[in-house]
Amino acid sequence: MYQCPLCHQLNSSSMICQECYGIIKSLVKNQNYCIHCGKEIVAGNICGFCQSHSVVLDKFWASYYYKPPISTLIQEWKFHSRIQYSQILSYLMTQNEPPWIKEQAIDCIIAMPLTIDSYQKRLFNQSLELALYISKKYRIPLWNNSYINKHNLKPQHNLSQKERIENIKKSFKVTKTPDVSTILIIDDVATTLATVTELAKSLKQKDSYRVLVWVLAH
Ligand SMILES: [Zn+2]
Ligand SMILES: [Zn+2]
């Protein structure tokens, strides 16, 4: 028997009960957003800003909206170190895969690194958990992300959006990059895309990569 982590009812078939799975499926992200920055748009697939500026993220895809119950599950996973949710969240993520996943000739996957502080609190890197599953499923090699160090200067939650962007700037130190052309970054949650954009910029400084991003929730 499994106990559904969301409603705590016992069921025999799967970790998440059918009822909660139905609710999660309703959170599949409506794909009317800019393919580069994730901003919701009414028509077309590139927002006004990305049409007139140089693009950092070559593609962006989010599987779900960051709303309950999936956000509840993600928070339990990260902040209560429920590593046993990695499998179900990876599975849910791949249930809404990017339409370009098989056609983009992706050479390698990079999991969003954690700061040492977060890693010590959590004891696992949630993005790496997702990336391992995706790497295996789509047979794309995973780049060793100990070559990328992340250091946050201040905790993010009390900062305004502008302050967050400043704080995130230059927060990645890349010591070695893969000798490839197309990279897929895997992250669990992207709120403003500032962090993932900063990582993409740090990688692009080293080489002329195409950088694609796939997150579980946005
Ligand atoms: Zn349930
Ligand atoms: Zn855009």
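This is a predicted model: local features need pLDDT of at least 70, side-chain atom pairs count only at pLDDT 80 or more; totals for chains, interfaces and linings use all residues.
Residues are numbered from 1 along each chain as its sequence is written, and chains are lettered from A and ligands numbered from 1 in the order in which they are written.

**The chain as a whole**

Along its principal axes the C-alpha trace spans about 50 × 45 × 40 Å. The secondary structure comes to eight helices and eight strands, where helices (H or I, at least four residues) and strands (E, at least two) are DSSP runs numbered from the N terminus. Of the 218 residues, 32% count as buried; a residue is buried if 20 or more other C-beta atoms, placed from the backbone, lie within 10 Å of its own, exposed if 12 or fewer, and partly exposed in between. Among contacts between residues at least 6 apart in sequence, 69% join residues at least 24 apart, a contact being two residues whose C-beta atoms, placed from the backbone, lie within 7 Å.

**Helices H4 and H6**

Two packed helices are described by the angle between their axes and the distance between the axes. Helix H4 (residues 86–94) packs with helix H6 (residues 126–138) at an angle of about 55°, their axes being 9 Å apart. That makes H4 oblique to H6, since angles under 35 degrees count as roughly parallel, over 145 as roughly antiparallel, 65 to 115 as roughly perpendicular and the rest as oblique. On the H4 side the contact involves Ser-86, Leu-89, Ser-90, Met-93 and Thr-94, and these meet Glu-129, Leu-130, Tyr-133, Ile-134 and Lys-137 in H6. The residues of this contact divide into five nonpolar, three polar and two charged (Ala, Val, Leu, Ile, Met, Phe, Trp, Tyr, Cys and Pro count as nonpolar, Asp, Glu, Lys and Arg as charged, and the others, Gly among them, as polar).

**Residues in their surroundings**

| Residue | C-beta neighbours inside 10 Å | Class |
|---|---|---|
| Leu-73 | 22 neighbours | buried |
| Ala-194 | 18 neighbours | partly exposed |
| Ser-81 | 14 neighbours | partly exposed |
| Ala-105 | 10 neighbours | exposed |

Leu-73 is found in helix H3, and, leaving aside neighbours within four places in sequence, Leu-73 is in contact with Pro-5, Leu-6, Tyr-85 and Leu-89. Leu-73 and Leu-89 are 16 residues apart in sequence and 8.3 Å apart in space, C-alpha to C-alpha.

**Backbone details**

Most residues other than glycine have a negative phi, and most peptide bonds are trans. Ser-81, in the loop between H3 and H4, has a positive phi near 50°, and Ala-105, in the loop between H4 and strand E4 (108–111), has a positive phi of about 50°. The peptide bond from Pro-68 to Pro-69 is cis, with omega near 5°, and Pro-69 is placed in the loop between strand E3 (59–64) and helix H3 (70–79).

Conventions:
Axes are lines fitted to C-alpha atoms, for helices over the stretch in contact, and angles run from 0 to 180 degrees between N-to-C directions.
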